[in-house]
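Work through the exercises below with the sequence and the model side by side. Try each task before reading its solution.

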Amino acid sequence: MIEIDSITKVYNGEKAVDSVSMTAETGTITVIVGTSGSGKTTLLRMINRLEEPSSGEVRINGDSTADVKPHILRRRIGYAIQGHGLFPHHTVARNIAAVPELLDWPKDKIRERVDELLDLFSMEPDQFRGRYPAELSGGQAQRVGVARALASRPDLLLMDEPFGALDPIIRTRAQEDLRRIQRRLGSTIMLVTHDMEEAIRLGDRVAVMDAGRLVQHASPAEIIANPATEFVADMVGNVERPLRLLSLIPLSEIVEDGAAEGEALPADASLRDALSACLWTGREAVPVVQDGSAVGCATLAAIRARAEAHR
Amino acid sequence: MSVGRVLRPALIALLLALVLRPGWFEPVFAPLAPEGGPVIYERASLLSLSLSHLGLVAAASLVATIVAVGLAIFVTRPAGAAFRPLSRTIANIGQTFPPVAVLALAVPALGFGAGPTLVALFLYGLLPIFENALTGLSTLPPAVTEAARGIGLSRWQRLLRVELPLALPVTLTGIRLSVVIALGTATIGSTVAARTLGEVIIAGLLTNNTAYVLQGGLIVGLFAVLIYDGMVQIEQRLARRMGA
């Protein structure tokens with residue numbers, strides 16, 4: 001569990017982060033979202049003490065981060081950033097092994113871990129182990145950056161706009177990968193982004209920052225349905241709210257008995273996908289399949305009912 | 001590339017022949033020697049002069065590299081940042097002093113021989129290395145230095161594992177310039193009795209023997225060209241690996 005306790009950062013008399021408190025449960029993704037200058041990156045950097053807090057405290061599983069030397073603390077906390085920051089003079093394997101090496105893991109254990117992570121990120125170890133970062137595509141380099149951050153099985157993974165430099169298609173894939181890997185490993189992640197779409201897609205909890213203050217900290221559905229302030233509503237985008245809400249709900253929740261024409265959707269697709277399919281092909285319902293067999297259909301009426309449920 | 005493949009071994013062979021078998025070139029240099037005078041320099045072995053010349057250059061460059069890189073590291077740390085303008089001024093002054101003047105000033109203090117030459121070469125070599133190391137250390141990719149800090153490298157580890165290796169190609173360029181300047185400058189060390197290939201050139205100038213001048217000049221020139229080329233190769237290999 002990560003506890004941030006009324007943490008404040010003052011730069012030249014101005015409060016970049018103003019008495020922010022929040023708690024992140026182990027095994028969850030918390031996305032900190034805000035505009036540039038909202039203090040979100042400063043907040044993140046205070047957790048691994050790349051910035052020293054002016055006041056307040058951060059506790060990881062009950063231990064204050066102020067009690068250890070900063071560089072020792074950082075070896076327990078994964079850190080992935082925009083533009084990956086891989087060491088250009090080290091191979092992929094050495095980059096991933098950076099923190100385990102600092103922690104003096106035995107060599108064969110490090111080698112095993114590197115291969116395991118490359119596998120996890122769908123990169124053939126034999127093919128990628130010996131490459132240099134300059135020989136990777138943007139998406140591959142970003143995956144290696146995240147693998148490096150996860151290498152020592154840290155208590156917490158901090159990510160600062162990790163997908164900011166990727167093009168939209170690769171970004172969506174990277175987000176799906178992250179979600180999949182996080183569920184598999186049960187990692188605790190805090191991720192900073194300016195993109196509300198990304199926050200809603202990835203976050204178990206979303207924390208919205210505005211002018212140094214935490215204005216709302218809630219589940220994505222709650223943020224969309226009941227934005228706490230005008231600013232949060234703006235970030236969510238009023239026009240897109242129903243669609244964003246639908247994108248959070250899987251088809252399995254509204255599937256009903258019956259048959260429908262046309263191409264089927266998997267049960268873990270979102271209501272937004274189903275709505276889009278209905279509108280595009282002029283259907284009133286789409287068939288739903290799970291593990292290859294039909295389980296029923298999802299109707300436009302049911303989708304509409306869910307979109308209106310918050311009222 | 002293919003030109004280099006032919007030219008490089010040819011130049012190396014020529015240099016080795018000039019140093020080890022100077023007698024072979026008697027017919028070539030004979031027209032340049034004064035009538036009846038000696039054609040090939042025989043007062044000392046060219047091999048020992050070459051080794052002593054290269055030794056002086058290597059020693060001076062090594063010390064200059066250690067001092068210049070050390071200084072560049074110091075002024076790029078937070079504690080030394082205030083000294084950055086001052087250190088650049090000092091390194092620049094080292095460069096503006098004519099080497100001959102340094103020799104003249106150093107002889108009374110250090111006596112004749114290799115000492116004053118080493119001092120002159122050292123002072124002259126500082127600036128290019130310092131400037132390049134400084135550029136290398138202060139233009140590191142920000143994402144990389146941020147990541148190095150973020151994953152928990154200590155200050156020393158960041159310097160040794162990330163900053164210096166990344167600054168290496170640029171620093172090597174500075175060392176290369178400095179070594180090449182030193183190879184040429186070392187010849188005037190012979191005016192204060194340092195054993196260098198300058199001895200051959202100076203003997204030629206004193207006795208109006210163009211054959212000596214050409215012989216000494218050619219050897220120094222070939223050393224400079226080949227060492228320059230070798231270091232360029234190393235830099236390119238390093239840069240290619242880093243994807244530059």
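The exercises that follow begin with chain B as a whole and then turn to the strands of chain A.

This is a predicted model, in which local features need pLDDT of at least 70 and side-chain atom pairs count only at pLDDT 80 or more, while totals for chains, interfaces and linings use all residues. Residues are numbered from 1 along each chain as its sequence is written, chains are lettered from A and ligands numbered from 1 in the order in which they are written, and side-chain values use heavy atoms, with hydrogens and water left out.

**Exercise 1.** Describe the make-up and extent of chain B.

*Solution.* Begin with the secondary structure, where helices (H or I, at least four residues) and strands (E, at least two) are DSSP runs numbered from the N terminus: chain B has 10 helices and zero strands. Next, take the extent, for which the C-alpha trace of chain B spans about 75 × 50 × 25 Å along its principal axes. Finally, consider burial, where buried means under 20% relative accessible area with a 1.4 Å probe, protein chains only; of the 244 residues of chain B, 46% are buried.

**Exercise 2.** Find the strands that pair with β9(A), and state the sense of each pairing.

*Solution.* Two strands pair if DSSP finds at least two bridges between them. On one hand, β3 (residues 29-33) of chain A pairs with β9 (residues 205-210) of chain A in the parallel sense over four bridges, and within this pairing Val31(A) has Val206(A) as its bridge partner. On the other hand, β9(A) pairs with β10 (residues 213-218) of chain A in the antiparallel sense over five bridges, with Ala207(A) opposite His217(A). The hairpin of β9(A) and β10(A) has two residues between the strands, and in it Ala211(A) takes a positive phi near 50°.

Note on methods
Buried < 20%, exposed > 50% of the residue type's maximum accessible area, 1.4 Å probe, protein only.
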